[in-house]
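Let's look together at how two protein chains meet. Keep the picture in view as you read.

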Amino acid sequence: MELSKVIHAFYTDDEVLLDAVKAVKAKHHHIEEVFCPFPVHGLDKAMGLAPTRLAITAFLYGITGLSVAIWLTNYIMINDWPQDIGGKPNFTWWANMPAFVPIMFELTVFFAAHLMVITFYMRSRIWPFKEAENPDPRTTDDHFLMEIPVHNNEAELTELLTNTGAVEINIVDKH
Amino acid sequence: MYQFSGKLKIFSLALIVLGALGIAFSFYSGSQMTVESAKEIIANQSHGNTHGTSHDKVVKSHSATKEHDTSGSHAGTGNIDKEMSAHGAHGDDSHAEHVLHQLQNRPWSAFYVALFFFLGTTLLVLAFYAAQRVAQSGWSIVLFRVMEAITANLVPVSILMLVFIGLTVGHYNHMFSWMTPGTFDPTSENYDAIVDGKSWWMNVPGWAIRSVVYLLLWNLYRWFIRRNSIAEDTANDGFKTYKKNYNASVIFLFIFMITESMMSWDWIMGLDPHWFSTLFGWYVLATLLVSALTIIAFVTIYLRSKGALPKVNDSHIHDLAKFMFGFSVFWTYLWFAQFMLIWYADIPEETTYFLARFNEYKLPFLGMVVMNFVFPVLLLLNSDFKSVPWFVIIGGIVILGGHYVDVFIMVMPATVGGQWFFGIPEISALLFFLGIFIYTVFSAFAKANAVPLGNPFLQESEHFHYYNIEHKGEGSADHH
């Protein structure tokens, strides 16, 4: 595979980083990735990232959980073995519905929460023993790193990034 | 500064006049009711179904009447029913008389439901406002004058409540069955041992004095905080006034939580003197709180559309809608917790409360859960929708309607039972109080600066921005 070059620009302040991202976007350069030690508010909007759809998936998972709870209570308590337990009405599911609400609530939350977290892991490609993709260990402590692919415009990019207040600029070969 | 427009003033006065006429009419037609007209109404109802189910308590006392023909002596089942044991000993006319009392109660109840709804929601706006001060919240400062203006409605509704208390104590109505003469007298045919056992709390002087004390305390805080909040604007005294207001709000919240609970026992739970529930005070609190937040949102959206609130942005609306959403769920939680515990254990003396509501008020009782829970949850779940005023208005109308129905169902089954209807008395009482609300709120808002300049959190509130939404007329580039 052909070697491609990327430029790594380091920053030490999130405000400087945000302004740098805006400056780079204004020049219509593609930002491959930004590595931060903590969430920087407004970074996603400055980079023009699409909003997450995780909340929508959670809503659908919640409905799934609710359906499972309704099916479960209806099958066990009404269809399979409708015993008289303490005089609770088991003729129809509705007649005994209030007793099922705690289960319905908990399963809705359970499905919504856990499946959303799993979705997050899968979409973010996070799992145990996964090899860290961190280009520089300092980005987990006190440095911010912006990665921009280079297309024979090293000098121009270097100058632009220097002007945005980058403390260190490296050109790296990337496989 | 905001100008209370002549159009709105005339509109509110028209509502008051129209409502007052309707109220007068319904009281007049209520006073024309006799035992004969009650009998006619009973005859017109299909006896077994509509009416038999119409009061759970009556169903029981009824069978007692038929079997023994001495309805006054039904010690077991009859004890559930205060009214029937009070009026039941008159032989054949007892039923007609019972219905007559319900018919006579209707204009009073219609008035009382609207009165309590507006009094309670205004009070909860005041409590929410106090909580915002105590929490030193940074977002809501630009809404302070809106909330203060809404609490101006507390004065007229408190006065009307005082009038109502006076008339009730003077036996002009049968709203509170435990006030029937002879209830605490063992030699009287109206004697009710269960209520007599509660007479250390439920007695007319105590009830009246407590009611007056609640109203006085609430109005005292409102008067104080409104005056000192305006004083805060120009105080420039190193936040001394601000701290004074903070301390007053802390004290008020403490008093409020106690008086609110006691108020809901005295004014609502007292309507069913045989029934009690421990979380009732919080339940009433929840229904009034979510309505209060909706009212704040409505007045804010209206005033902003008139350009009177230049500092309010979409994030403020979004936050109000979040509160509406959250407390809708909170209301549902308390409603269900109260209902399910009673349904599950099914202890007769507690269950009658819900039987009466479920049998006679099925549509409003179940419809209220849809209006107060399902609708707001589905409508206000989406983050984008919450900052769109139109959505908030639509959701809010349903929420307010649902919580009016909630108060309706708290009051009506105990006072008018199966003789309920949503007609002229109910609508005119609502219009009357809506007119008073509009008049007092907007004239109060016009009297003070729309921005509380002296508040130390004002800057923060003006720049309040919930990161997830984009304000109208603003691109993503404006963020941060």
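## What counts as a polar contact

A polar contact is a pair of N or O atoms within 3.5 Å; within protein, one of them must be able to donate a hydrogen and the other to accept it, and residues adjacent in sequence count only if both atoms are side-chain atoms. By that rule, two residue pairs are in polar contact between chain A and chain B, with both residues at pLDDT 80 or more. How many salt bridges does the rule find across the interface of chain A and chain B? The count is zero.

What you see is a predicted model. Its scores are ipTM 0.90 and pTM 0.89. For chain B, the pLDDT averages 87, and 88% of the residues score at least 70.

One stretch calls for care: over residues 47-90 of chain B, pLDDT stays under 50, although the model has 77 contacts there beyond four places in sequence. Where pLDDT is low, the predicted coordinates should not be read in detail.

## Where the chains touch

At the interface, 13 residues of chain B are in contact with 14 residues of chain A. About 1,100 Å² is buried between the two chains, and carbon and sulfur atoms give 69% of that area.

## The side of chain A

Two elements of chain A, α1 (14-26) and α4 (97-124), each give two or more residues to the side that touches chain B. The largest share, four residues, comes from α4(A). By type, the residues on this side of chain A divide into eight nonpolar, four charged and two polar.

Terms used. Residues numbered from 1 in each chain as written. Chains lettered and ligands numbered in written order. Heavy atoms only, no water. pLDDT = per-residue confidence, 0-100. Contact = heavy atoms within 4.5 Å. Buried area = accessible area lost by both parts, 1.4 Å probe. Salt bridge = Lys/Arg side-chain N within 4 Å of Asp/Glu carboxyl O. Nonpolar A, V, L, I, M, F, W, Y, C, P; charged D, E, K, R; others polar.
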